[in-house]
Amino acid sequence: MDSIDKLLAELQTECKEIQPQQQSKSATAKSFMPSSSKSASFMDKLLADVKADFAEEDAAIELKRQQELEQERIQQEKIKAKQIEGLKVQAKEWLAKVDPLSSEGLWFERFAESYPSKLEAAIEYLRSNE
């Protein structure tokens, strides 16, 4: 918004500089110059256009930022999915090796009761022991 304010100040300064020049010209030259109300209207339109351009640019920047955040989120989900796949392999190997009658095996049986499957319980167990 600072740049818009600077531009507005520059345009107002230019407008003030133009008005004395308009007054010093001959009557015929004045008939070709826009009236002050037309000049103000033109300035308002110009400022509105500039503000619209800045708003459009800000919206484009925000959209790009949102897209980058979405790409980052997708990338993080892919990494997490790969990690889970790796843990699944480790969990299957661990389940194949664990003796169900050992103290660890008996503990795991009780631990796994609160999970939908022993594989999910083994994944959580391995994840917590990393």
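A: Let us begin with the elements: helices (H or I, at least four residues) and strands (E, at least two) are DSSP runs, numbered from the N terminus. On that basis the chain has 5 helices and 0 strands, and from the N terminus on its elements run α-α-α-α-α. This is a predicted model, in which local features need pLDDT of at least 70 and side-chain atom pairs count only at pLDDT 80 or more, while totals for chains, interfaces and linings use all residues. Residues are numbered from 1 along each chain as its sequence is written, and side-chain values use heavy atoms, with hydrogens and water left out.

Q: What is the mean pLDDT of the chain, and which elements have the lowest and the highest values?
A: The pLDDT (the predictor's confidence in each residue, from 0 to 100) has a mean of 84 over the chain, and 85% of the residues reach 70 or more. Among the elements, helix α2 (residues 27-32) has the lowest mean, 50, whereas α4 has the highest, 92.

Q: Why does Leu47 count as buried?
A: Buried means under 20% relative accessible area, exposed means over 50%, and partly exposed lies in between (1.4 Å probe, protein chains only). Leu47 has 15% relative accessibility and therefore counts as buried. The place of this residue is in helix α3. Leaving aside neighbours within four places in sequence, Leu47 is in contact (heavy atoms within 4.5 Å) with Leu8 and Leu11. The C-alpha atoms of Leu47 and Leu7, which are 40 residues apart along the chain, are separated by 8.5 Å.

Q: What share of the 130 residues in the chain do buried residues make up?
A: Buried residues make up 15% of the 130 residues. Among contacts between residues at least 6 apart in sequence, 53% join residues at least 24 apart.

Q: How do you know that the buried residues of α4 line one face of the helix?
A: The buried residues of helix α4 (residues 103-112) are Gly105, Phe108 and Ala112. Seen down the axis of α4, these buried residues fall within an arc of 60° (taken over the directions from the helix axis to the C-beta atoms), so they line one face of the helix. On the other side of α4, Ser103 and Arg110 are exposed.

Q: What makes up the largest nonpolar core?
A: A nonpolar core is a set of buried Ala, Val, Leu, Ile, Met, Phe, Trp, Tyr and Cys residues joined through side-chain atoms within 4.5 Å. The largest one has 11 residues in all: Leu87, Ala91, Trp94, Val98, Phe108, Ala112, Ala121, Ala122, Ile123, Tyr125 and Leu126. Helices α3 (36-97), α4 and α5 (118-128) each supply at least two residues of this core, and α5 gives the most, with 5 residues. Leaving aside neighbours within four places in sequence, Ala122 is in contact with Ala91, Trp94, Leu95 and Phe108.

Q: Why are Glu62 and Arg65 said to form a salt bridge?
A: A salt bridge is a side-chain nitrogen of Lys or Arg within 4 Å of a carboxyl oxygen of Asp or Glu. The closest N and O atoms of Glu62 and Arg65 are 2.8 Å apart, and this pair forms a salt bridge. Being 3 residues apart in helix α3, Glu62 and Arg65 are separated by about one helical turn. Glu62, at 35% relative accessibility, counts as partly exposed, and Arg65, at 39%, also counts as partly exposed.

Q: Which side chains meet in a salt bridge at 3.6 Å, N to O?
A: The side chains of Glu85 and Lys88 do, with 3.6 Å from N to O. Both residues lie in helix α3, 3 residues apart, about one turn of the helix. Glu85, at 46% relative accessibility, counts as partly exposed, and Lys88 counts as partly exposed at 30%.

Q: Which residues do salt bridges that share partners join into one network?
A: The network holds Glu70, Arg73 and Glu77. Within it, Arg73 forms a salt bridge with Glu77, the closest N and O atoms being 2.2 Å apart. Arg73 and Glu77 are 4 residues apart in helix α3, and are therefore separated by about one helical turn. A search of the whole structure finds 7 salt bridges.
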